[in-house]
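Dear colleague,

Please find below the structure that I am handing over to you. My notes on it follow directly after.

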Amino acid sequence: MKKTLVVYHSRSGHTRRVAQALGRRLDADLEEIRIVQPMGGALGYAMCAIEAIAGLAPALRPMHKDSAAYELVVVGTPVWFWSLSSPVRSWLERHPPKRRVAFFCTMGGSGAERVFATMAGLAGREPIATLALLEKELDGALEQKVDAFAQRLQANAPPRPTRRQARGHAVPVS
């Protein structure tokens, strides 16, 4: 089993694209957060805005991966009207990460700081790193920014046990 899970919601495909690139860089498992009632078209767009602004948490489809089994969970969301997307809010309320966490978001303009603060509150922990990408950066700077983010996550990895520790031998602490 892999040590990192990238879990995300994407309505337009932008956040999915970042999640997939990050999953490749980290050799991570991917899991998409899907709502029970998909919201398409103009009405769906309006509903997304209302849910995000009101802090609602829609019903989600069952997940296939258990986030508690991973050392690091990277959570990705679009920014909807300067707010956390309602599907990611729902997921964080139901599955707060048990260990290390990192966040990323995609957005048209602004709202990342507010979204990351909301995510940290719902997760019950501060992220080891965050990445905010503007929609206009998805074609130019995406690879470079995802690489830098992945390097920060790998630099914050917990130390690997020595062979002796892995075999269950006690190692004195000085």
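This is a predicted model: local features need pLDDT of at least 70, side-chain atom pairs count only at pLDDT 80 or more; totals for chains, interfaces and linings use all residues.

Residues are numbered from 1 along each chain as its sequence is written, and side-chain values use heavy atoms, with hydrogens and water left out.

Glutamate 137 lies in the loop between β6 (130-134) and α5 (142-155); helices (H or I, at least four residues) and strands (E, at least two) are DSSP runs numbered from the N terminus. With a relative accessible area of 17%, glutamate 137 is buried, where buried means under 20% relative accessible area, exposed over 50% and partly exposed in between (1.4 Å probe, protein chains only). The side chain of glutamate 137 reaches the backbone nitrogen of leucine 134 at 2.7 Å. Leaving aside residues up to four places away in sequence, glutamate 137 touches Ala132, Leu142 and Lys145, contact being heavy atoms within 4.5 Å.

Two residues other than glycine have a positive phi. Aspartate 27, with phi near 50 degrees, sits in the loop between α1 (14-26) and β2 (29-32). Phenylalanine 81, also with phi near 50 degrees, is in the loop between β3 (72-80) and β4 (83-84) and is partly exposed at 31% relative accessibility.

Helix α3 (residues 86-94) is mostly covered, as 7 of its 9 residues are buried. The buried residues of α3 include Ser86, Arg89 and Trp91.

Yours sincerely

Definitions and conventions:
A polar contact is a pair of N or O atoms within 3.5 Å; within protein, one must be able to donate a hydrogen and the other to accept it, and residues adjacent in sequence count only if both atoms are side-chain atoms.
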